[in-house]
Amino acid sequence: MTCPVTIRIQEDDFDIAREIEVLTKSRTDIGAVVSFSGICRADDDSAKISALTLEHYPGMAEEEIRRHVDEATSRWPLNGVTVIHRVGRFMPGQNIVLVLTASQHRQAAFQAAEFLMDYLKTSAPFWKKEESATGTGWVEAHARDDEAAARWTKS
Amino acid sequence: MKVKYFAWVRERIGKAEETIEPPATVRTVEELIAWLSSQSEAYAYAFEKPKVIRTAIDHAHVKSDTAIAGAREIAFFPPMTGG
């Protein structure tokens, strides 16, 4: 089974429709594509966020995403994976991350996309800094994200 | 060895990377954090809660009891918040 993998870390925005087209072009074996996009939102638990800055560890970020994509392709019958993570400064409403998973049937695509997002949040070296009316501060990691990632651990 | 710092660890230490030569008695990640913390107040502040700090050796996550021998690049950073 052919499973092309695209992993990109970039400042530029992405076009979801175009990325799906790239993934599915000239393919007749794909029956399902799941798309997840993470968007900068203004409302957090406390203050309104005016901007978000994403920092990453160049080199390790790509390698860490690749390790999880490799695990996803070994766990589910996937026909293609695209992960694009943006870095830089974002305003509410702007795209931050895109995960596309393609497979013959929807279950594998849904599960792999969720698996990849859970691991992107807890183990890919990216950090968010928030700006709000009350100042700027680094976003704290949430225990709920660790719990979400832990449920994929094979027992 | 080369050391890199990210997010608030970088801000507290005041630099993104440096080359360090810890004494041979410093054998693990945990011991390296303790040694760095003894170097200045800035390091002590960055590593004030060592259990919170995440470490990568040569681009892979490692635990605090991992040996640092042979490491080319060690990175210290807070828990990740991407995605």
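## Strands β3 and β5 of chain B

In this predicted model, strands β3 (residues 54-57) and β5 (residues 73-77) of chain B are joined by 4 bridges. The two strands run antiparallel. Within the pair, Thr55(B) sits opposite Phe76(B) of β5(B).

## The sheet around them

Both strands belong to an open sheet of 5 strands in chain B. The order is β2-β1-β5-β3-β4, and the pairing is mixed. Where does the sheet end on either side? The edges are β2 (17-19) and β4 (60-62) of chain B. Each edge strand has a single partner, so one of its sides has no neighbour in the sheet. From one strand to the next, the twist averages 25 degrees.

In a regular strand, side chains alternate between the two faces of the sheet.

## Contact with chain A

How many residues of chain B are in contact with chain A? There are 14, and they meet 22 residues of chain A. On the chain B side, α1 (7-13) and β5 each supply at least two of the touching residues.

## A hairpin in chain A

In chain A, strand β7 (residues 126-132) is linked to strand β8 (residues 135-138) by 4 bridges. These strands also run antiparallel. A hairpin connects β7(A) to β8(A) through 2 residues. Across the pair, Lys129(A) faces Trp138(A) of β8(A).

Definitions and conventions: Residues are numbered from 1 along each chain as its sequence is written. Chains are lettered from A and ligands numbered from 1 in the order in which they are written. This is a predicted model: local features need pLDDT of at least 70, side-chain atom pairs count only at pLDDT 80 or more; totals for chains, interfaces and linings use all residues. Two strands pair if DSSP finds at least two bridges between them. Axes are lines fitted to C-alpha atoms, for helices over the stretch in contact, and angles run from 0 to 180 degrees between N-to-C directions. Two residues are in contact if their C-beta atoms, placed from the backbone, lie within 7 Å.
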